[in-house]
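Reader: I have a model open and a few things to ask about it. Can we go through them one at a time?

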Amino acid sequence: MKPMVHDFGWSRVSVTGAIAFGSISGGLLSLVFGPILDRHGARMVAFCGISLLSMGLVAMAFINHIWQLYLFFGVGRMIAVGVLSLAISVSVSNWFVRLRGRAMGITRIGDRFGSTLLPLMVQFLILALGWRMAWGILGIVVFFMSGIPSLLFLRRRPEDMGLLPDGASSAFEKKSSGDPSKEEDRIKPSDVDSDPVWTRAQAIRTKSFWMLTFLNILIPFLQAGINFHIYPFLTDQGFSEITAVLILSTISVSGMAGSAIWGILTERFRIQGLLTINVFGNGLVFLLLYWAVKFKFEGVLGTGIIFFLAALHGIFHGGRNPMINFTWAEFFGRRSLGSILSLSHPFHTTANAIGPVFAALCFDLFGSYAFPFYFFVVIFFLSGIITKHIQPPRYPSQAPIN
């Protein structure tokens, strides 16, 4: 953001507006692609989406006007938040039931790894070659590291390949001849797991759906606002660009560990309790991190405290998103998860869009991030109260499978 704002004289609100445009549009797009993911899987959806995203990133190297930012970056973000994030959640939920929490956590390690590697790579490219070349190279990297693997390896459900969720193929082998083409040997979803079976129409009539949707408004609002503005906040407080990137990398590296740790814990403890602890804990840690940066001690001690709190923030942050996705799958099952999630997704992406714009607007009005960051802490604690009271929906009797 900063190099482009400096070169073009744009405000931070105008830049974050491109995020808002992409996020809100992505939410509407998810309404279309949710049912498609349920019926056809994520393979071609992900490949085509990543290809368009990569082309948009490469095109960012040639922009000169604000409308081009909204077109190239906005459309790329629309695909990322509206299609690709949904495809990941649905795919993992389809392949894992008993080990779903662990699988969700491990999957998010990839997200955290990217958040660690790419800022370092992009910052190096910006300093060495300029921000335009950094955009172009980023687009190429995304295509080859994400687009090609999705085309080669993604599949819809294990049943389509004569397998069972969690790799439990032995149960299928014992009770059949192993030929999925035969009607008597074809694996039916109801035979392989105890996941609840909900349709989209049934889900939206439950209190649990709307409480999770409300949570899907609050959490993305504060996460996006923090994630997008923590780098400019650090540099505004006098940290060098390299140090600020290292702090971001610390958050991401610890987030990798947090994703796995919280994912494994979901297999041992009640998800609502874990999520409540996570949200309350992260609110407290972020508040301490803000104070540590704003009123930091001089010397090595002050810097060490900041990096320690950044690591704690990453551990909490890294585990939260997989736990929320895990909760959706646990409450409503995997058969129509894409259709159900796609109804909540527009609220998620709209809040995700508003968070960065809200923080940028507050900065432009007040000249600091104090008000929005304190407000995000309040939202953390409010979210913790909500998670404490979320209960699984009452299982529908004889629910038809989509």
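Reader: What do the buried residues of helix 5 pack against?
Author: This is a predicted model. In it, the buried residues of helix 5 pack against helix 4 (66–95), helix 6, helix 10 (207–236), helix 11 (241–265) and helix 13 (299–332).

Reader: Which residues of helix 5 are buried?
Author: Among them are Arg100, Arg108 and Arg112, along with Gly101, Gly105, Met104 and Leu125. Thr116 and Gln123 are buried too.

Reader: How many residues does helix 5 have, and what span does it reach?
Author: Helix 5 covers residues 100–129, which is 30 residues. From first C-alpha to last it reaches 42 Å, close to the expected 44 Å.

Reader: And what comes just after helix 5?
Author: Glycine 130, with a positive phi of about 100°.

Reader: Which residue has a positive phi although it is not a glycine?
Author: Aspartate 166, at about 65°. That residue sits in the loop between helix 6 (131–153) and helix 7 (169–175).

Reader: Is aspartate 166 buried or exposed?
Author: Buried, because its relative accessibility is 18% and the cut-off is under 20%.

Reader: Changing topic. Which residues make the nonpolar surface patch?
Author: Phe280, Leu284, Leu288, Trp291, Phe295, Tyr374, Phe381 and Ile385 make a patch of about 730 Å². Helix 12 (271–294) and helix 15 (370–389) each give two or more residues to the patch.

Reader: Which helix gives the most?
Author: Helix 12, with four residues.

Reader: Where is tyrosine 374, and how exposed?
Author: Tyrosine 374 is in helix 15. At 36% relative accessible area, tyrosine 374 counts as partly exposed.

Notes
Residues numbered from 1 in each chain as written. Predicted model: local features only at pLDDT ≥ 70, side-chain atom pairs only at ≥ 80, totals over all residues. Heavy atoms only, no water. Buried < 20%, exposed > 50% of the residue type's maximum accessible area, 1.4 Å probe, protein only. Expected span 1.5 Å × (residues − 1). Contact = heavy atoms within 4.5 Å. Patch = residues over 30% accessible without salt bridge, like charges linked within 9 Å, V, L, I, M, F, W, Y side chains within 5 Å. Areas by Shrake-Rupley, 256 points an atom, 1.4 Å probe, with all protein chains shown as cover. Salt bridge = Lys/Arg side-chain N within 4 Å of Asp/Glu carboxyl O.
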